[in-house]
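Please have the sequence and the structure open while I talk.

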Amino acid sequence: MSDYVVGISGGIGSGKTTVTDLFAKLGVDIIDADVIAREVVEPGTPALKAIVAKFGVSVLDESGKLNRAKLRTLVFADIEIKNWLNQLLHPAIRELMMMQIQQAKSKYCLLSVPLLVENKSYEWVDRVAIVDVDEQTQLQRTVLRDKTNEQQIRAIMSAQATRQQRLAVAEDVIDNTGNREDLIETVSQLHQQYLKLANQKNGELNTD
Ligand code: ADP
């Protein structure tokens, strides 16, 4: 089990996935909140059964999986439904997240949460790292990756925390405005730092 959890976040297109992939190559276990949010509503899960019981099978696609776009439309229209869904999903997400952290084998693990800064329920992490680029770079890289238009990406960006809000809570800022070689160097330095911090914490825990 990893006793040391580094929460990692950043705006859309800042390079969270790119960064966590690099940490994973160094043997660090990655726990991804987005992946977990999908796992808790996989076919056969209690959460999906509850959703179908409430909305009927029309929220499923042909293969029996949750039609997330359909559910989003239902939720968007009704605050009570939104609350109901949050009360169902948040504990399920939290439980699976804690289980994956407990099962992590690396000396520390990374918890990747796109809305870490927006969400107060992650204050327990040991450290917060923010992947940072200027807004223009964020926009350009996301447009290139998602093949969408700037307007759509701008809309997502304006619903997220601002760059300043993210930087205000960052204990480590991972500057990703440079090239991939620069990023590899930054990640490997941080990796050494996190190994040390995790060891320190373990030492403290063992002498308690
Ligand atoms: P996020 O997970 O934060 O949304 P990604 O890791 O998917 O962001 O990065 C967004 C896009 O930018 C991807 O297509 C990725 O390959 C590219 N990218 C990431 N870092 C760099 C970099 N340093 N230089 C150029 N392109 C990058």
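Let me begin with a definition: helices (H or I, at least four residues) and strands (E, at least two) are DSSP runs, numbered from the N terminus. What you see is a predicted model, in which local features need pLDDT of at least 70 and side-chain atom pairs count only at pLDDT 80 or more, while totals for chains, interfaces and linings use all residues. Residues are numbered from 1 along each chain as its sequence is written, and side-chain values use heavy atoms, with hydrogens and water left out.

With that in place, aspartate 32 sits in strand E2, which covers residues 29–32. Its relative accessibility is 25%, so aspartate 32 counts as partly exposed, where buried means under 20% relative accessible area, exposed means over 50%, and partly exposed lies in between, computed with a 1.4 Å probe on protein chains only. A polar atom of the aspartate 32 side chain lies 2.8 Å from the backbone nitrogen of aspartate 34.

Threonine 45 belongs to the loop between helix H2 (33–39) and helix H3 (46–55), and it counts as buried because its relative accessibility is 16%. Setting aside residues up to four places away in sequence, threonine 45 touches Glu39 and Val40, contact meaning heavy atoms within 4.5 Å.

Where does glutamine 160 lie? Glutamine 160 is in the loop between helix H7 (150–159) and helix H8 (163–169), and with a relative accessible area of 17% it is buried. The side chain of glutamine 160 reaches the backbone nitrogen of isoleucine 12 at 3.1 Å. Neighbours within four places in sequence aside, glutamine 160 is in contact with several residues, among them Leu115, Glu118 and Arg166.

Now to the domains, whose bounds come from an automatic or database domain assignment. That assignment gives domain 1 (1–28 + 107–208) and domain 2 (34–105). Ten residues from domain 1 and eight residues from domain 2 take part in the contact. The centres of the two domains, taken over C-alpha atoms, are 25 Å apart.

How much area do domain 1 and domain 2 bury between them? The figure is about 780 Å², with 64% of it on carbon and sulfur atoms; buried area here is the accessible area (1.4 Å probe) that two parts lose on being put together, summed over both.

Key:
Polar contact = N/O pair within 3.5 Å; in protein donor to acceptor, adjacent residues only side chain to side chain.
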